[in-house]
Amino acid sequence: MGADYGGYGSDDTPRLFGVRLDRFDRLRETLAGDYKATFGLTTVILFVLAAIFAPELAPFDPMAQEYAIMQAPSLSSAHPFGTDSFGRDLLSRMMYGARISLGVSLVAVTIGAVVGIGLGLVAGYFGGVVDDALMRFVDVLWAFPWLLIAIMLVAVFGQGVWNVIAAIAFAYIDDFARLARGEVLSIREEEFVLAAKNIGLSDTRIMIEEVLPNAVAPLIVQFTVLVARAMLAESTLSFLGIGVKPTTPTWGALLGQGRSLIGQAWWISIIPGIAIVVTVLGINLFGDALRDAFDVRGEEGSP
Amino acid sequence: MSSTTDNTTTDDDATDPRPRELLQATNIKKHFPLNEGLIDRLLGDDRVVRAVDGVDLTVHAGETVGIVGESGSGKSTLGRTLSRLYEPTDGSVVFDGQHIETHSGRELRPIRRRIQYVFQDPMSALNPRKTVGQSVARPLEVHDIASGDEKWKRVADLFEEVGLGPSQLDAYPHELSGGQRQRVGLCRALVTEPDLVVFDEPVSALDVTLQAQILNLINRLQREFDLSYLLISHNLNVVRQVCDRIAVMYAGEIVERGATADIFENPQHPYTRSLLDAIPQIDGDGTRADRKGLDGEPPSATNPPSGCRFHPRCPEFIDGSCPGQKPSLQDVEGDAGHEAACHWLDRSEAERATHTPPSPTEREVIRSESADD
Amino acid sequence: MSLLDVENLRVTFPVDDGPDVRAVDGVDIAVESGEIHGLVGESGSGKSVTARSVMRLLDGAVVEADRFDYRGEDLYAKSEAEMRAIRGDDIGMVFQDSMSALNPVMTVGEQIAEVVRHHGDVDESAGLLSELRRKFVTGTSETAPSWRRAVELLETVGIADPADVATTYPHQLSGGQRQRVMIAQALGGDPSLIIADEPTTALDVTVEAGILDELRRLCDEMDVSILLITHDLGVVAETCDSVTVMYSGSVMERASTEQLFQHPAHPYTKGLLRSVPEGGATDGELTTIPGSAPEPTERPDGCPFRDRCPAAFEACADPLPEHVVDAGHATRCHLYTERDDPGEVTWDADADADADADIGAGVTATTDDPGEPSPTEVTDG
């Protein structure tokens, strides 16, 4: 669908990638006006930047051990966050840890979303037997405690990033499936869906073009919420020792490593803990802001 | 409108060759199961909502047929069934010679170019996440009619035709006014150059002055693009403005039909008469006219009254034959193509004029007696 | 003394980023005792807002008026507590959508009885505890005076088997019945004035006839005045004694029903009357007023109708005058400042063409800025 509308459409309005710039106004307004949203966005950006540019930004090699300064307290010399019991710089470890946390959460939730939304979309759209069958399948998935799955995977395949991703994705499929199905159930009754059928669009096309875009808002929020939860989940697994490989510096692993040292070297656990809280909060707020900005209809309108 | 199934021409216009029959529906029924649950239905709850329960209808090329009825009459369901948005539970739909009642989605594709539907509420009939230009252009893409610049040119031309500016191509539905949205709906229906357009209450959601504009537009487009129309409305005045022939629906059936003038000047069915009486009139002398409404409510669609479905509310209730035997559509003397389904047609006009209907309690007695038969 | 006397009403809705919306711009309206007064207008005319301003139900809006008297007392000088005593008691309201205006989890009788207890003349406790008890535990006893009054009211509004119907829930009733229930509820406090906002718009025409008859009867027999808001001129012709015609926030004409339909004075009224399909016109085109009503923020100076009026001239940019055509018949049109009867107002054949509908008759396309919101059709300004 050519965004240039064949030359028609109001060409004098400024555009970005074919989309009118004033569409972005809403996004900008939401973010600018709402301090919560700004906070959320800032946190997310910092987090992502740290994760991507960890190799460049980290002052030290996260694996480099310096016995001389083991358990150095934070803000001591060159280590703003201190070091752990192996003399490794905590700040650097956290930056690298951000990569893994971010990567794991994003990938896991994306997989869960794709599978879950797909199931929910098909189930909600077709209804009847298809709906019943698919939803029972989803119920089965939901009934499996994810921690158990994680343990099983570790027992079979050993520790590692992909096991964590699989376990977490598995846990979130039903969330997305149910949410998507609920949205679809109400959207498919809307007249524009019937209108699309009237035009001759196939069911698949209708699901993707007409129904899905309208179902997206709560799914986006759910996505961000679950990314935050996935980070916590990964932290839990690593904390318990059934997550990533032992030396990998994820935030949860860092938390776990500092557990016994809370008295002497509190920063090893507390700082990653604070980071987790702040990041999770930021992601949630960002998700809310995204949902508001996506609401095409908005609350404008004369009384 | 011929209701015979052998396609012979009937009384209408013996001198001129009849325009071809574009759409012919015979004994159309559309029932919806009341209970969607599989298990309940297996256990015996097979009640159905008889939205449309045996309708014959023909639309000729170039004409406008109106379907009039109130809530619960089944007129919207009929419109959707005829344009194959729903599949009929029973009956046949012949469009330009082809039976389409059992066509699958794929087989219907080429038909969808030719039968289009305009929805009542333009706001809910447009995808809020697509610009109106995209919505109108979509049919062209789906049917491979045009692409690229050619496609947009067609859309822009059509926009102008209906009074919208081409600058509105990239507007979202909620940014337009109600009248503009309805015009968009019209564009979407016309962009594939269909043969038949079904309108479902096209102006009900609009202000009076806008209604007039849109009705004028609809009329003009018909002449310009050589279209046939099926117009569904509860508003008799609207129907009168646009339609050549009218069918009056009640409780899923057609109770009267004929040329517009005949229906308005010589209504035969008591329901039609009530409907006409109920229309608020701006009398020439501005006095308050006495309007008679109808007592009671529309009948249950799952369990319609026996015999003539209108008998519980009929202000001209006769006797036991009303609940006892369903009247079929009969020709009205003197008017070509005018039919009504009422037992009064078997009796004399004089008798009808002087008849006093029984009171509700008396009717109860009559009804239970006829049920015993 | 008029029952309701409003002078120069202005209602403004503040908007966060953008010009404030002046929904009602200097409206005078008066309802006499014992009459049904129609308030007619299209979407965006401001009629609903005007009606709600009487009940002081406009949160967040700035309401100003030179005079806003009900029974001679200034409504806007009253405290919220005093207003609560008036609402539902002396002034009742009937809404358009009965399904959402009625509580779906209470029986119909219960809802009416509640109003009766709070506002009516019965000797029954309506304190918080007893209400809670009724709502969650016992319901209203069928021997209680409020219940009996509720059944009485249901009968008054023409519901068959009122005692049985009182025990049903709103969703079990038909649209017409629900509307009657709303009227009964509005009557619960023995009001002197009922404000009915499009009470029959959502109903079938055969049912509408009954409801309008009911309203007429209430006015004649029970001495209840009614402010009837509608967009349907037919309803006005049949039910109302006098009419106020509004357009885009201002009053265009005010007259008795007879005067309005027989001798319409304002060009807008004339255009409106001609747009209504009625009686004869079958083949010809409906004459219509091309263009559409302006947004509140885009109203021209002076007369809001001047961009669509074929008789507009320079003076139309000046503030609206008031011209008395006859006793009880006034119009606000500059045409009348010169002479008493400006004659026929016609839109030329070209302007009738729908092709110009949105961009025509001197209206510049307001569509270049689609960022501007538009009012929805049903709930109008």
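Q: How many helices and strands does chain B have?
A: The model is predicted, and the elements are read from its coordinates as DSSP runs. For chain B this gives 13 helices and twelve strands.

Q: What share of the contacts in chain B with a separation of 6 or more comes from residues 24 or more positions apart?
A: Chain B has 373 residues, of which 51% count as buried. Among its contacts with a separation of 6 or more, residues 24 or more positions apart account for 65%.

Q: Is Cys308(B) buried or exposed?
A: Cys308(B) sits in the loop between α10 (270-278) and α11 (321-324) of chain B. A residue counts as buried if 20 or more other C-beta atoms lie within 10 Å of its own. Cys308(B) has 27 such atoms within 10 Å, so it is buried.

Q: Which residues does Cys308(B) touch, not counting residues up to four places away in sequence?
A: Leu217(B) is 91 residues from Cys308(B) in sequence and 39 Å from it in space, C-alpha to C-alpha. A contact requires C-beta atoms within 7 Å. The residues that Cys308(B) touches, leaving out those up to four places away in sequence, are Cys322(B), Lys326(B) and Pro327(B).

Q: How many helices and strands does chain C have, and what percentage of its residues count as buried?
A: Chain C has 14 helices and 13 strands. Among its contacts between residues at least 6 apart in sequence, 67% join residues at least 24 apart. Of its 381 residues, the buried share is 51%.

Q: Which are the edge strands of the open sheet in chain C?
A: Eight strands form this sheet with mixed pairing, in the order β7-β8-β9-β3-β10-β11-β13-β12. Its neighbouring strands are turned by 20° against each other on average, direction ignored. An edge strand pairs on one side only, and in chain C these are β7 (91-94) and β12 (323-326).

Q: What is the bridge partner of Val40(C) in β10(C)?
A: In chain C, strand β3 (residues 36-40) and strand β10 (residues 242-247) pair in the parallel sense over four bridges. The partner of Val40(C) in β10(C) is Val245(C).

Q: Are α4(C) and α6(C) roughly parallel or roughly perpendicular to each other?
A: Helix α4 (residues 108-119) and helix α6 (residues 145-156) of chain C pack with their axes 8 Å apart, at an angle of about 115°. The crossing is right-handed. Angles of 65 to 115 degrees count as roughly perpendicular. The two helices α4(C) and α6(C) are therefore roughly perpendicular.

Q: How many nonpolar, polar and charged residues are in the contact of α4(C) with α6(C)?
A: On the α4(C) side the contact is made by Gly109(C), Ile112(C), Ala113(C), Val116(C) and Arg117(C). The α6(C) side includes Trp147(C), Arg149(C) and Leu153(C). By class, the contact of α4(C) with α6(C) has seven nonpolar, two polar and two charged residues.

Q: What is the handedness of the crossing of α4(A) and α9(A)?
A: Helix α4 (residues 90-126) and helix α9 (residues 203-240) of chain A pack at an angle of about 145°, and their axes are 8 Å apart. Their crossing is right-handed.

Q: How do the residues in the contact of α4(A) with α9(A) divide by class, and what are the counts?
A: Residues of α4(A) in the contact include Val104(A), Ile117(A) and Tyr125(A). Among those of α9(A) are Leu219(A), Phe223(A) and Glu234(A). The residues of the contact divide into 17 nonpolar, two polar and one charged.

Notes. Residues numbered from 1 in each chain as written. Chains lettered and ligands numbered in written order. Predicted model: local features only at pLDDT ≥ 70, side-chain atom pairs only at ≥ 80, totals over all residues. Pairing = 2+ DSSP bridges. Axes fitted to C-alpha atoms, helices over the stretch in contact; angles between N-to-C directions. Parallel < 35°, antiparallel > 145°, perpendicular 65-115°, else oblique. Left-handed = near helix turned anticlockwise from the far one by under 90°. Contact = placed C-beta atoms within 7 Å. Nonpolar A, V, L, I, M, F, W, Y, C, P; charged D, E, K, R; others polar. Buried ≥ 20, exposed ≤ 12 C-beta atoms within 10 Å, placed from the backbone.
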